[in-house]
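Q: I would like a close look at one part of this model, followed by whatever else can be said with care about its surroundings in the chain.

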Amino acid sequence: MSTATRVPGRAIGAPLDRIDGPQKVTGTAPYAYEHHVGYPLYLYPLQSDIVRGRVAQIDASAAEALPGVILVITHENAPRLADTSDKELAILQSDEVAFRGQYVGAVVAETFEIARHAAQIIKISYDEKAHDVALRADRDDLYTPDRVSGGFPTDTEEGDFDEAFSSAAVKLDETYATPMEHNNPMEPHTTVAVWEGGDLTLYESTQGPHRVKAKVAPIFGLDPSRVRVVAPYVGGGFGSKGLPHANTILAALAARKVEGRPVKFALTRQQMFSCVGYRTPTIQRIRLGADEDGRLTAISHEVVEQTAKIKEFAEQTAIATRMMYATGSRRTTHRLAALDVPVPSWMRAPGECPGMYALEAAMDEMAIKCNLDPVEFRIRNEPEIDALTGLPYSSRNLVACLREGARRFGWEDRDPIPCVWREGRWLVGTGVASATYPVGRQPGSRVRIRCEGDGRYAVEIGAADIGTGTWTALTQISADALDVGVEVIDLKIGDTNVPFASVAGNSSGITSWGSTIFEAARAFREQHGQDPSEGDEVEAGMPENPETDNYAMHAFGAYFVEARVDADTGEVRIPRMTGVFAVGNIINPKTARSQFIGGMTMGLGMALHEESLVDPRFGHVVNHDFAEYHIPTNADVGEMDIVWIEEEDPYVNPMGSKGIGEIGIVGSSAAIANAVYHASGIRVRDLPITPDKLVQ
Ligand code: MOS
């Protein structure tokens, strides 16, 4: 740890090395599968290979006769669950099949290899019914959900959009599409389930140990005090581990049946493409109207997306369009197609990410129609207040990000005409887009602080570090809150045996947990003073922030991208990206920079590579592995220039910080798409921009 020169009270803002770095690089930080439990068994799932219908017959006799097979569990012998209201989690409770890949059983054996082999020789026959897995905007069965994710209204209407659009001097009406995408954290979804005397312990790869506990306890009819969830280290999540999925229930069900032996279940990479959620595909119609000066008079964003028949997931795709730019009139709508598909779920910036791709690509097209530079066009439509709430912003520095990015990137030399810059066989172009993400804040977190003697403090909160740097950032926050050095803080997270914490999602962790740490530290000093005795302890809950009634709180950013398109093959290379962010105070520049690099790299994957291709005849993702579902590797990523501007925001939380886990992906795919257009003159409106779409 590079703490030697740190001044007490100044831990926030220091580029502290990751506290968990040495354990991680030496392989001693236990991830879920690696926890030592006595005599574990290994689970391999049975997954439906029809899309819809019923399990007719299961012949497991050959599997059950294999040495080392302990249990074949199916709907015929599975324990009944106490609560089956969540249809994604209520597995093995009937013979019904609602999507391809749904769990219809599992083998539990002495080794993983035996379990996998046994699963392959089990014969399952089905009564198959017709199915429907294809999303189209012209379906006649699209429906209007009551609300969209986050509890937001499904549709909004400001002013008279129809009138303003029809009378606009400049108009755009285009449709953009984003595909199904799958989260692929390096650590797959994993559960180790241990039953002891009716108590359940789960070593789980999750973004929210307490959320898993709250969800799992009623399903097994347990008082929450009988469930413990342990997750000290988590190898990525991106939202897919924000809620428990059926794999957690499957492992716990099987372990209950073989009581006395723990059961380990880690998904294979291919299984990651079947039932741990995915980014719903979207079809987004954007209409923009502007006056002769390029001021927006009308914005409409109409979204069609899919959900599962067994459980509604209504992504808030048009949410950022409700506040991003000033306009005379505005309409946003969301419509869903309920299909025979797995349940969609969160994937880094659900809502903002796909929605801002469409809006920011449309803004680029509209700037050209208005004869304005796309940076100037955005600045011209900067709002004075937040249109969603009518409140002023606690801080909004989008314009500063656009200006600083343009300066760093060298934007002023840009020829507005597309397809005129050529270097050998490469067509070269540049593009820009804006970013935004709300300052997430979730209620309920609690923190316990205890003096351990020798000037040391235990700080306990059941938060999760999913690779973002939470171990380090919360240690820095604790040090400043208590006005001591980071070296005397013993942070404890990742376990439901320590106080409740909200989930690591919605970029809300640091605001929610950090505010609570500040509150607990204040209470601790008030009760025990500056020189406490060993054992002195305080527990406090997250304080209200009354400023949330007075200000709209969002982070902002801007990207500038250079794209090169091979004139013959359509290959796209991105040699450099600049990201400028206005996100309040940075807790740790080192881990923060990694968050921005990760978000922008994921945006690069979204723009150019990522697409889960479903075969409509069989309902499965065909390219379900890293050979065919490409995520960016080092060879795809060029120079990443990442900076943040000075932003003092006294209203957001005691740290003055805004969440940074998701903003890096929001709009970055649009900046790339806009640069590809500028390079090639071809406007691809359905992601990803693969070479076939550019070779015309
Ligand atoms: Mo994030 S998709 O809220 O984990």
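Which residues make the nonpolar surface patch of about 280 Å²?

A: In this predicted model, the nonpolar surface patch of about 280 Å² is formed by Ile417, Val420 and Trp421. Of these residues, Val420 sits in the loop that runs between α9 (398-409) and β18 (422-423), and its relative accessibility of 48% makes it partly exposed, because that class covers values between 20% and 50%.

Leaving aside neighbours within four places in sequence, the contacts of Thr496 are with Pro209, His210 and Lys213, together with Val227, Arg228 and Val229. Between Thr496 and Gly579, which are 83 residues apart along the chain, the C-alpha separation is 37 Å.

Turning to helix packing, helix α7 (residues 352-369) and helix α13 (residues 668-680) have axes that come within 8 Å and cross at roughly 35 degrees, and the crossing of α7 past α13 is right-handed. On the α7 side, the residues that meet the partner helix are Met356, Tyr357, Glu360, Ala361, Asp364 and Ile368, while α13 contributes Ser669, Ala670, Ala673, Asn674 and Tyr677.

Methods:
Residues are numbered from 1 along each chain as its sequence is written. This is a predicted model: local features need pLDDT of at least 70, side-chain atom pairs count only at pLDDT 80 or more; totals for chains, interfaces and linings use all residues. Side-chain values use heavy atoms; hydrogens and water are left out. Patches are made of residues with over 30% relative accessible area and no salt bridge: like charges are joined within 9 Å, nonpolar side chains (Val, Leu, Ile, Met, Phe, Trp, Tyr) within 5 Å. Accessible areas come from the Shrake-Rupley method with a 1.4 Å probe; for residues, only the protein chains shown count as cover. A salt bridge is a side-chain nitrogen of Lys or Arg within 4 Å of a carboxyl oxygen of Asp or Glu. Helices (H or I, at least four residues) and strands (E, at least two) are DSSP runs, numbered from the N terminus. Buried means under 20% relative accessible area, exposed over 50%, partly exposed in between (1.4 Å probe, protein chains only). Axes are lines fitted to C-alpha atoms, for helices over the stretch in contact, and angles run from 0 to 180 degrees between N-to-C directions. A crossing is left-handed if the near helix is turned anticlockwise from the far one by less than a right angle, and right-handed if clockwise. Contact means heavy atoms within 4.5 Å.
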